[in-house]
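I opened a notebook page for this structure. I wanted to look up a few places one by one and write down what I found.

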Amino acid sequence: MNTPEIQIDQYDQEHIHKTLADFILQRREQPDLFAWCKPFYESVQYQHSIGHHKYRRVMLSANGNRVIVEDQHTGKPREMIMMGSNSYLGLNNHPKVKAAALEAIEKYGVGAGSPPHFSGYYDLHRELEKNLSILKGAEDTIIYPSGYATNVGIISCFLGPKDTIILDKLAHASIIDGALLSGAKITTFRHNDMESLERVLIQTKKGQGDRLVVVEGVYSMDGDIAPLRDIYELVKKHGAKLMVDEAHATGVLGKTGKGSPEHFGLEGKIDLVMGTFSKSLGGLGGFVSAKKEVVCYLRYFSRAYFFAASPTPVQVAAQNAAVQVLMTEPQWHQRLWENIRYFHSELRKRHFDIERTQTAITPIVIGDTIKMREVTKFLDEKGIFVNPVPYPAVPRKKDRLRLSLSALHTREDLDTVLAALDEAEERFHFAKNPDEVERKEH
Ligand code: PMP
């Protein structure tokens, strides 16, 4: 196997090796609250100067299959193929969604003006609650200003120190933060492993408090699907409650894109179905669909709802239109799946390590933080926008490019990306060794 051609010598040895992990995982030694800021700032500046800092790139057009991005070094606009957007169906720029937003601005202005219990609850909010309840097959729905606030708001509302929250090892930060805020006991099971989940359910037998199992319909870094039917049956067998985070499943899973409950025939059966508007629905905000009395309780006791301004009428009108498009224009969901099938099969042929992905989220594991930055820089120069995700956001030696597929990608876009990945592989060698793959498969 060839060694990667990274010219480490040309870089400042101290700075090149600095990673996010150095700042997150090491304890701050000095009492000064801001002690980490200066070394961190210098590290970001250095990564930027050598083209390794591919975050917060400035978009100059709507996110679609192509996007105009401000070049980080020249400041000039240039077109790139967008492989880093979570707008899986392209609804952020759909004409009906934009028209609904414009109409709402004309009628209601731009802000809701208040939290929902005061003057921030409009006919648009009520309509969206109804539409989402239909989408998820639930009795009622509550809407929050963001997906992050939704997870923190639900979990910290229902759980307290006597309760236990049972999380998949790969749980999203917003779920973990909700669990921490609730004060509940936190326990985890191995990712998507039903034996491990059952073991934890047995070990945490219901005592003084209750137990809530939280899983994600689609996992945000690996793109794999939770076996929700099995999880549901185990949770019911052991008398616990179940919440599913549909951030990356809404618009993607299910015959018509309604998400995990549709995919597994569990509509109306899961205790708490949480979702975000920020991915397939192309906007901003979050929601929970559940039984009507559960939603009613959240409306009065969930602090992230009660004490926060309502999502703006513009946002809500856009989401109403996006849900309508999802339910009436099946072509976006179909095109997304055509792209998923084609792209994954081409990546597998090339022996790229795409983890267990089954959906639009497509990781390409590089395995080393610096090499990951070099590959991202190489692709950026070729006009391909991908998101680099280093350790500790993913496990050690699983540093990766995170690509997202959209219904808007054309075959030509995907072939251009594949050709660029081939070139990158020739230069940096990150595909799996084909002999190893074959040996494992036999
Ligand atoms: N849950 C999951 C699984 C997510 O991936 C995200 C966002 N990345 C969130 C919740 C938070 O949603 P939002 O970005 O809409 O606040």
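I started at Glu 355, which lies in the loop between α14 and β11. Helices (H or I, at least four residues) and strands (E, at least two) are DSSP runs, numbered from the N terminus. The model is predicted, so I kept its limits in mind: local features need pLDDT of at least 70, side-chain atom pairs count only at pLDDT 80 or more, and totals for chains, interfaces and linings use all residues. Residues are numbered from 1 along each chain as its sequence is written, and side-chain values use heavy atoms, with hydrogens and water left out.

I checked the backbone of Glu 355 and found a positive phi of about 50°, although this residue is not a glycine. I then went to His 351, which sits in the loop between α14 (331-349) and β11 (361-365). His 351 also is not a glycine, and its phi is positive at about 65°. Most residues other than glycine have a negative phi.

Is His 351 buried or exposed, or partly exposed? I noted partly exposed, because its relative accessibility is 23%. The cut-offs are these: buried means under 20% relative accessible area, exposed over 50%, partly exposed in between (1.4 Å probe, protein chains only).

**A cis peptide**

Which residues does a cis peptide bond join? I found Tyr 391 and Pro 392, with omega about 10°. Most peptide bonds are trans. Pro 392 lies in the loop between β13 (387-389) and β14 (400-404).

**The ligand site**

Next I looked up the ligand. I counted 14 residues around the ligand, and the closest are Tyr 148, Asp 245, His 248, Ser 278 and Lys 279. A residue is near a molecule if one of its heavy atoms lies within 4 Å of it.

I sorted this shell by class: two nonpolar, nine polar and three charged residues. For the classes, Ala, Val, Leu, Ile, Met, Phe, Trp, Tyr, Cys and Pro count as nonpolar, Asp, Glu, Lys and Arg as charged, and the others, Gly among them, as polar. Which helix gives the largest share of the shell? I noted helix α6 (residues 147-158), with three residues.

I then went through contacts to oxygen atoms of the ligand. A polar backbone atom of Gly 147 is 3.0 Å from a ligand oxygen. For Tyr 148, a backbone N or O atom lies 2.8 Å from an oxygen of the ligand. For His 248, an N or O atom in the side chain is 2.7 Å from a ligand oxygen. The ligand taken alone exposes 390 Å², and the protein buries 83% of that. Accessible areas come from the Shrake-Rupley method with a 1.4 Å probe; for residues, only the protein chains shown count as cover.

My rule for a polar contact was a pair of N or O atoms within 3.5 Å; within protein, one must be able to donate a hydrogen and the other to accept it, and residues adjacent in sequence count only if both atoms are side-chain atoms.

I looked up Gln 319, found in helix α13 (residues 313-328). Gln 319 is buried, because its relative accessible area is 2%. What does its side chain reach? I found the backbone oxygen of Leu 281, at 3.2 Å from the side chain of Gln 319.

I placed Arg 57 in the loop between α3 (37-49) and β1 (58-59). Arg 57 counts as buried, at 8% relative accessibility. I noted a polar contact of 2.7 Å between the side chains of Arg 57 and Asp 380.

**Distances along the chain**

I ended with some C-alpha pairs. Ile 166 is in strand β5 (residues 164-168) and is buried, at 0% relative accessible area. Ile 166 and Leu 242 are 76 residues apart along the chain, with 9.5 Å between their C-alpha atoms.

Ile 142 lies in strand β4 (residues 140-144) and is buried, at 0%. Its C-alpha is 46 Å from that of Glu 425, 283 residues apart along the chain.

Ile 24, in helix α2 (residues 20-25), counts as exposed at 52% relative accessibility. Between the C-alpha atoms of Ile 24 and Ser 156 I noted 24 Å, with 132 residues along the chain.
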